[in-house]
Amino acid sequence: MQKIPVAILGATGVVGQKLIELLISHPWFEIKKLAASERSVGKSFIEAIENPINFDLPQNLANMKVSSCDFEDKIPLAFSALDSKVATEIESNFLGKGTHVISNAKNFRMQSDVPLLIPGVNSEHLPLIESQKSLGKIINNPNCAVAGLALALKPIHKMFGLKKVIVTTMQALSGAGNKGPSAYAALNNILPHIHGEEEKVEQEPKKILGQLLNNQILPLNCKISAQCNRVPVLNGHFMSVSVELEKPATQSSILFAFDAFNKKASKLPSSPQNALTYFENLNMPQPKIHQNIDKGMSVSIGKLRRCSCLDFKFNLLLNNLVLGAAGGALLNAEALLNRYPELFMSPEVAINY
């Protein structure tokens, strides 16, 4: 099929660069616009990036001139890796012009008609876009830590129900982007506060795991307590999770739930072979070793055992730049095109290339 032209907003940042890497050989999408802040406009992309990710960049993209985020060309799909300080205005402008937006920013996540989407976890929430009034439609990624947490909780909740979740996150430096803590601040240290992070981790899973009823999400009735820390790891968010269940469970029955979830996972071009990868080895998973399983799209889980306070506890790891950001956005775009191909055929989003 003819590839859909796409733009990347915030292309010079860490997530923007990862989006470019994942889109280079994508079967459905083709990069036609790279946009960023004014300090990058007019430069070639390779000149504009300050902290490049190590991947093979095709010459046409290396030499592509960076546009401002208010370019006039019509384009059907934009991936937004924008800072939340500017995302609302810029994303709204594109929606008004008929461009569909897949956003990593937090700004629209909790809006009632915006799917906070993880394909395979809450694909049934995608029809929320039908209630959106704008010409273009918007889908949001969850917070990078929530992307892994919700994936791990989904099969447990589906089979046993969730009453309480307690999670402690150890989040990688790359999750803070180019403006994150300096190496000096992070080296041999733990930073015990990430602004706004605990609120996101406590609230977003309730929307993701909630029920769609009459075009509204009924949030999951579950108490979630989060403590979020930045640790001196370059990439890979690690979490320790404890859960209280509504129904009795055993270790083997929870592992069965993980396995059943894998067998019914969505099959989109960027879907991993297994959404969840469980390790029997008590020393696994580890960020340095396991962050790139299934090209960074699988959540690694280990040390499932009884909890002396709640019912069960386990550790999990996800690649925060891939599944937690760029890869999750790509899955959402694939889910949108797969479910609503007609959205990419209207004259309002005719292509000027």
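Six strands make up an open sheet, arranged in the order β3-β2-β1-β4-β5-β6, with parallel pairing. The edges of this sheet are β3 (67-68) and β6 (138-140), each of which pairs on one side only. The model described here is predicted. Strand β5 (residues 100-103) pairs with β6 through three bridges, in the parallel sense. At this pairing, S103 stands opposite N140 in β6.

Helix α10 touches β1, β2, β4, β5 and β6. The direction of α10 makes about 150 degrees with that of β5. Helix α1 lies across β1 (4-9), β2 (29-36) and β4 (77-80). The angle between α1 and β1 is about 160 degrees.

A further open sheet also has six strands, in the order β10-β7-β11-β14-β13-β12. Its pairing is mixed. Strands β10 (223-230) and β12 (276-279) are the edge strands, each pairing on one side only. On average, neighbouring strands of this sheet are turned by 20 degrees against each other, direction ignored. Strands of a sheet pair through backbone hydrogen bonds, in either a parallel or an antiparallel manner. Strands β13 (residues 299-306) and β14 (residues 312-318) run antiparallel and are joined by five bridges. Within β14, L317 is the bridge partner of S300.

Two loop residues show backbone features of note. A cis peptide bond joins M284 and P285, with omega of about 5 degrees. P285 is placed in the loop between β12 and α9. N188 has a phi near 55 degrees, a positive value in a residue other than glycine. The loop that holds N188 runs between α6 (183-186) and α7 (197-208).

Three cavities of 30 Å³ or more are found in a search of the whole structure. The largest cavity has a volume of about 110 Å³. It is lined by 13 residues, of which P119, L151, P272, A275 and L331 are the closest to its centre. By class, the lining of the largest cavity comprises ten nonpolar and three polar residues. No charged residue takes part in that lining.

The second largest cavity holds about 60 Å³ of space. Its lining consists of L117, I118, P119, N141, P142, A147, L323, G328, L331 and N332. Helix α10 (residues 322-339) gives the largest share of this lining, with four residues. Seven residues of the lining are nonpolar, three are polar and none is charged. P119 and L331 line the second largest cavity, and P119 and L331 are also among the residues closest to the centre of the largest cavity.

The lining of the second largest pocket divides into eleven nonpolar, ten polar and two charged residues.

The mean pLDDT of the chain is 94, and 97% of its residues reach 70 or more. Over residues 348-353, however, the pLDDT is below 50. This stretch has 19 contacts in the model beyond near neighbours in sequence. Where pLDDT is low, predicted coordinates should not be read in detail.

Methods: Residues numbered from 1 in each chain as written. Predicted model: local features only at pLDDT ≥ 70, side-chain atom pairs only at ≥ 80, totals over all residues. Heavy atoms only, no water. 1 Å grid on protein atoms, 1.4 Å probe; cavity = no way out; pocket = protein on both sides within 12 Å on 5 of 7 lines; lining within 4 Å. Points joined across faces, edges and corners; volume = space filled by probe spheres on them. Nonpolar A, V, L, I, M, F, W, Y, C, P; charged D, E, K, R; others polar. Pairing = 2+ DSSP bridges. Axes fitted to C-alpha atoms, helices over the stretch in contact; angles between N-to-C directions. pLDDT = per-residue confidence, 0-100. Contact = heavy atoms within 4.5 Å.
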